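Please walk through this structure with me, one region at a time. Keep the sequence and the 3D view side by side.

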Amino acid sequence: GACELDIYDFSVLNSVLPMDRSSTNRFHDRKPIGKESVPVLTLDRVAEEYNASHIDVLKIDTQGYDLQVLRGG
């Protein structure tokens, strides 16, 4: 499928989740400058596309949803 990614002027803030607006977040006053539709694929689908029988290293940066990603894989 696909999901909407909030785009910020500081790219490390780009996210599919809403910004944490708490006063302890030093970026709480930043607003998105746009949105972009991005593809969402399962790990099985990516492995199939690359004809991979196994994955040696997997970098996951899913804002706390890492376990769900692994369970879904």
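Start at Arg30, which is partly exposed because its relative accessible area is 28%. The terms work like this: buried means under 20% relative accessible area, exposed means over 50%, and partly exposed lies in between (1.4 Å probe, protein chains only). This is a predicted model, in which local features need pLDDT of at least 70, side-chain atom pairs count only at pLDDT 80 or more, and totals for chains, interfaces and linings use all residues. Residues are numbered from 1 along each chain as its sequence is written, and side-chain values use heavy atoms, with hydrogens and water left out.

What does Arg30 pair with in a salt bridge? Its partner is Asp9, and the closest N and O atoms are 3.0 Å apart. A salt bridge here is a side-chain nitrogen of Lys or Arg within 4 Å of a carboxyl oxygen of Asp or Glu. The pair links distant parts of the chain: Arg30 and Asp9 are 21 residues apart, and each sits in the loop between β1 and β2. Asp9 counts as exposed, because its relative accessibility is 56%. Helices (H or I, at least four residues) and strands (E, at least two) are DSSP runs, numbered from the N terminus.

Now look at Tyr8. Tyr8 also lies in the loop between β1 and β2. It counts as buried because its relative accessibility is 4%. The C-alpha atoms of Tyr8 and Arg30 are separated by 7.7 Å, although the two residues are 22 apart along the chain.

How many salt bridges does a search of the whole structure find? It finds three. Another of them joins the side chains of Lys35 and Asp6, at 2.5 Å from N to O. Lys35 counts as exposed at 57% relative accessibility. Asp6 counts as buried at 11%.

Move on to helix α1. Glu49 forms a salt bridge with Arg45, with the closest N and O atoms 3.1 Å apart. Glu49 and Arg45 are separated by about one helical turn, because they are four residues apart in α1. Both ends count as partly exposed: Glu49 at 48% relative accessibility, Arg45 at 43%.

Next comes the loop between α1 and α2. Asn51 has its place there. Its phi is near 55°, a positive value in a residue other than glycine. Most residues other than glycine have a negative phi. Asn51 is exposed, with a relative accessible area of 72%.

Ile55 lies in the loop between α1 (43-49) and α2 (66-72). Ile55 is partly exposed, with a relative accessible area of 47%. Together with Leu58, Leu67 and Leu70, Ile55 makes a nonpolar surface patch of about 360 Å².

Finish with the largest pocket. Its volume is about 830 Å³. Which of its 31 lining residues are closest to its centre? They are Val16, Asp61, Thr62, Gln63 and Val69. β1 (2-7), β2 (34-39), α1 and α2 each supply at least two residues of the lining. By class, the lining has 20 nonpolar, eight polar and three charged residues.

Conventions. Patch = residues over 30% accessible without salt bridge, like charges linked within 9 Å, V, L, I, M, F, W, Y side chains within 5 Å. Areas by Shrake-Rupley, 256 points an atom, 1.4 Å probe, with all protein chains shown as cover. 1 Å grid on protein atoms, 1.4 Å probe; cavity = no way out; pocket = protein on both sides within 12 Å on 5 of 7 lines; lining within 4 Å. Points joined across faces, edges and corners; volume = space filled by probe spheres on them. Nonpolar A, V, L, I, M, F, W, Y, C, P; charged D, E, K, R; others polar.
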